[in-house]
Amino acid sequence: WRARSEPDAGQSPSSQDDYDSPWKTLLERYFRAFLEWFFPNIAAEIDWTRGHEFLDKELQRVARRAKEKRRYADKLAKIWRRDGTETWVLIHIEIQAGYEAEFAERMFVYYYRLFDRYRLPLASLAVLADDRPRWRPDGYRRDLWGCEVTMQFPTVKLLDYQPRLAELETADNPFALATAAHLLAQATRHDERRRLSGKLALTRRLYQRGWNRQEVIDLYEFIDWLLVLPETLEAAYLDEVQELEESTKMRYISSAERIGMKRGEEKGLQQGLQQGLQQGLQQGLQQGSTRVLRRQLRKRFGDLPDWVETSLLQGTPAQLGRWAEQVLDAETLEAVFRE
């Protein structure tokens, strides 16, 4: 799979930075569920009793990472078919991507390099999570003077699930809920209230599907990463989550970052009693906001340079709130902090 940001109009895809995202964690932990949801015919051909293995080193050997600034999150997995044949599956997921002329070519290049190096049966699959209905690459072709090379690959377009939102929210497969969260994030980029209500609805679903604690946490982190809220609405969301956990008696999603945020508030309140209530409370809130924003930035962009840490420490509450709103759609770290 491949996680990436959505480009501005006229921007070259090669100028962007692509980073791993919670999609990668979800796919690695629930690989079978991924194939059963998006490619059920292929999943039915696999002997799941023999397990599967991710081949990160093998994929790195054929990827042109040295020549490209972007970090890809394509995944290569080894599985066994029901007839006992060892087969490799190459997964590409384009997250929030627009048109990219070289996408099909990259599919082809990865395919022939893997086949040339390892000579094993190989299937390439693609999930397109962009917001352009007409962009549907499903093959690659080159020809010259009667010499022709053609490759076709199965694709899934997340936008096609839009009419099936009711099914997505009630299905038992975790990638159904992940798809619903992704579509909601796209649809509510400029509607914070709708995003809040949608995020609450998806969070409630986590407690209604009968999933275990780890599954709930994994999906909650995915939803929370996609559906970023401004500070005021985030506080309302957390209040609702707390009530939900108390009513269900399942305290699953009180993540370390949330706890740290509340500790920051409590610390600020204590300081406020000594130095002035307003000043201390504001400091606690700012510390908590900084901690959560730092986590979101790391998930989007990896290790943070020193200038980002300096900005986070020196940022005003208004700036922190603005950066938190920009982190979801920004293509680069610089874009997050652009005034």
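This is a predicted model: local features need pLDDT of at least 70, side-chain atom pairs count only at pLDDT 80 or more; totals for chains, interfaces and linings use all residues.

Biologist: Is Thr87 buried or exposed?

Modeller: Residues are numbered from 1 along each chain as its sequence is written, and side-chain values use heavy atoms, with hydrogens and water left out. Buried means under 20% relative accessible area, exposed over 50%, and partly exposed in between, with a 1.4 Å probe and protein chains only. Thr87 has 9% relative accessibility, so Thr87 counts as buried.

Biologist: Which residues does Thr87 touch, not counting those up to four places away in sequence?

Modeller: Thr87 is found in strand 3; helices (H or I, at least four residues) and strands (E, at least two) are DSSP runs, numbered from the N terminus. Contact means heavy atoms within 4.5 Å. With that rule, Thr87 touches Ala77, Lys78, Ile79, Arg81 and Pro121.

Biologist: What is the relative accessible area of Leu90?

Modeller: Leu90 lies in strand 3, residues 86–95. Leaving out residues up to four places away in sequence, Leu90 touches Leu59, Lys75, Leu76, Tyr110, Leu114, Leu122, Ala123, Ser124 and Leu125. Leu90 is buried, and its relative accessible area is 0%.

Biologist: How many Å separate the C-alpha atoms of Leu90 and Lys75?

Modeller: Along the chain, Leu90 and Lys75 are 15 residues apart.

Biologist: Let us step back to the whole chain. What percentage of its residues is buried?

Modeller: The chain has 15 helices and seven strands. It exposes about 17,100 Å², with carbon and sulfur atoms supplying 47% of that; the areas come from the Shrake-Rupley method with a 1.4 Å probe, and for residues only the protein chains shown count as cover. Of the 339 residues in the chain, the buried ones make up 49%.

Biologist: How many residues does the largest nonpolar core have?

Modeller: In soluble globular proteins, nonpolar side chains tend to be buried together. A nonpolar core here is a set of buried Ala, Val, Leu, Ile, Met, Phe, Trp, Tyr and Cys residues joined through side-chain atoms within 4.5 Å. The residues with the most contacts inside the largest one are Phe34, Leu35, Phe38, Ile91, Phe175 and Leu206, and this core has 56 residues.

Biologist: How many residues are in the second, separate core?

Modeller: Val228, Leu320, Trp323 and Val327 are included in this second core. It is separate, and its size is 16 residues.

Biologist: Why is helix 7 described as roughly parallel to helix 9?

Modeller: Two packed helices are described by the angle between their axes and the distance between the axes. The axes are lines fitted to C-alpha atoms, for helices over the stretch in contact, and angles run from 0 to 180 degrees between N-to-C directions. Angles under 35 degrees count as roughly parallel, over 145 as roughly antiparallel, 65 to 115 as roughly perpendicular and the rest as oblique. Helix 7 (residues 174–187) and helix 9 (residues 213–226) have axes 9 Å apart and pack at an angle of about 10°, which makes them roughly parallel.

Biologist: How is helix 8 oriented to helix 9, roughly parallel or roughly antiparallel?

Modeller: Helix 8 (residues 192–206) and helix 9 have axes 10 Å apart and pack at an angle of about 175°. That makes helix 8, relative to helix 9, roughly antiparallel.

Biologist: How many charged residues are in the contact of helix 8 with helix 9?

Modeller: Arg195, Lys199, Leu202 and Leu206 in helix 8 meet Val216, Leu219, Tyr220, Ile223, Asp224 and Leu226 in helix 9. Ala, Val, Leu, Ile, Met, Phe, Trp, Tyr, Cys and Pro count as nonpolar, Asp, Glu, Lys and Arg as charged, and the others, Gly among them, as polar. The contact divides into seven nonpolar, no polar and, for the charged residues, three.

Biologist: What is the phi of Trp145 near?

Modeller: Most residues other than glycine have a negative phi. Trp145 lies in the loop between strand 5 (139–144) and strand 6 (147–152), and is exposed, with a relative accessible area of 83%. Its phi is a positive value in a residue other than glycine, near 55°.
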